[in-house]
Amino acid sequence: MQFKKIALVFALCLPGLFLTAQGQSAPENWFTKDKAADGVQGTSSDAALKALKAKGKKGQTIIVAVLDSGVDYKHEDLADVMWVNPGEIPGNGIDDDKNGYIDDIHGWNFIGGKDGRNVSHDSYELAREYARLKAKYGDATSGSDKKEFAYWQTIKSDFEQKRGELEGQKAMVDAYFSSFEEAIATAKKELGKSTVSSDDVEALKNGSDAAKEAAAVLERGFSNGLTEENVAEQKEQAGDYFSGGLEYGYNPDFNPRDIVGDNYNDLSNRSYGNSDVKGPDSFHGTHVAGIIAASRNNDKGIQGVADNVRIMSVRCVPDGDERDKDVANAIRYAVDNGASIINMSFGKGYSPSKEYVDEAVKYAAEHDVLLVHAAGNDAESNDVEPNFPNDKYTKKGGLFKPKNAPNWLEVGALHWRTGERSVANFSNYGKTNVDIFSPGVALYSTIPEGGYGNASGTSMASPAAAGVAAIIRSYYPELNAKQVKSIMETSVVKQTGEVFKPGSTEKVPFSDLCASGGVVSATNAIALAEKTAPKKNKKAIWQAAGLGKSGKTKVVTP
């Protein structure tokens, strides 16, 4: 599921709705700023790049793959930083570089069909598992496979609960908007005015019983940013949110996979999809790409965290839950086509084919590729609740094999505020399973059709951290992925004192929320990278020998 910011302004406790109080705004481009220099705890990438240039260091261009909903590769702030496949001739309908993908100029789309159609909505993995197992067990009270039947019972209970909760929330929100609209009408009648604003609440409190009731409703709405002018828009957005969940997400009968046209159960099949790396809704992926690498020298829009980056768009995330097969093949595509870092701003609660994703993660580790992943937006502990994909292998694979991926960085979201509210109230956390925190609230970045806008979520925190990793990999290319991960964790700005635990009023030490106990710092990271001796790096050895990343001879067309 894309970790999107839903711009609803009513104060309701709905998962995924991230509210910002009126009258507060984040400092411009805060995610690249430095606390000492700018008073805000950004990534410090501006200061780090300035220091590197002062030393006369020159970085290498590296590829960062954005596994997401798609990227608007024509955006004015991204066009110059998009990866261009050097072995492919645009639009000729031929797989020129023989990599198995026709016309993959800026990346590949694993949720599109050969006929050019694209998956926009998809169901949640919970609904897909419910549909699969219901067809097998139905209303049975037992099964011969006790383990699977117990799993079915869990799935059935969870699905019915989640869909029921969403239906209840929809009813509550519908009632809320109706009461606000009725209160506006009542206020106009009571006060004899054609428009009503927050300035009229006090007058209503001194009126009739109906006026007093209207005042209470309006006061709550106005305090959370709802107005007579925007109520229709917000009502429509709420409708879209719930229709997406009920018509697509939690609908076990909805299955758009025929658009892709593959045999989904054939996990070995990697040659499917199309070359449309933008897709029907690229808001999420375009925003993520801009945070990482929006051009820093074109005097337009914003500046991304890193320079010397080329963005590879690999579309595998619909409006709904991504599928394990697509995620695994997207990782492999990115690795095979030269990515040094892969950003993954998505997640879900179930992963029935996790072993296949694990194999792709291991493949990335073998080829020295760093994976950066968003921790999730449910204000839950990833040490307790599962969030997939993750770095824990389902099968260890041998006595001396690692249980966890050594090339994986899990990222929680930081607020632009400091002090006890410095952690985003929606962010997942975990002293074991979340590594660091990074800017993730009100990040202003690129959006489709040449625009710019704010979004919040660990989806934004992950690319901010990936951008810092890109700086290290660019200016210190001799360091391998495992070293970069270690450097980023070791060089964090440690946070002292207590903060509000996401989703609660409880205060806890910041160190309880992630393994490193701190927030990402590009200045600290490059200082540590400067002192770090390189270890054996297969990728660098292969590249120096003129070989491809897999060790095979790489053919480059002049």
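What share of the 558 residues of the chain count as buried? And in which helix is Glu-129 found?

A: Of the 558 residues, 53% count as buried. Buried means under 20% relative accessible area, exposed means over 50%, and partly exposed lies in between (1.4 Å probe, protein chains only). This is a predicted model, in which local features need pLDDT of at least 70 and side-chain atom pairs count only at pLDDT 80 or more, while totals for chains, interfaces and linings use all residues. Residues are numbered from 1 along each chain as its sequence is written, and side-chain values use heavy atoms, with hydrogens and water left out.

First, the setting. The chain has 14 helices and 13 strands. These are DSSP runs numbered from the N terminus: helices are H or I with at least four residues, strands are E with at least two. The C-alpha atoms fill a box of roughly 85 × 65 × 50 Å along the principal axes. Contact means heavy atoms within 4.5 Å. Among contacts between residues at least 6 apart in sequence, 75% join residues at least 24 apart.

Now Glu-129. Helix 3, residues 125-137, holds Glu-129. Glu-129 counts as buried because its relative accessibility is 3%. Which residues does Glu-129 touch, leaving aside neighbours within four places in sequence? They are Tyr-151, Ile-155 and Pro-352. Asp-326 is 197 residues from Glu-129 along the chain, and their C-alpha atoms are separated by 17 Å.

Cys-316 has 0% relative accessibility, so Cys-316 counts as buried. Cys-514 is buried too, at 1%. A search of the whole structure finds zero disulfides. A disulfide here is a pair of cysteine sulfur atoms within 2.5 Å.

Next, the backbone. Most residues other than glycine have a negative phi, and most peptide bonds are trans. Asn-29 is not a glycine, yet its phi is positive, about 50°. Asn-29 sits in the segment before helix 1 (35-38). Its relative accessible area is 13%, so Asn-29 is buried. Ala-379 also has a positive phi, near 55°. Ala-379 lies in the loop between strand 5 and strand 6. Pro-389 is found in the loop between strand 5 (370-374) and strand 6 (408-414). The peptide bond from Phe-388 to Pro-389 is cis, with omega near -5°.
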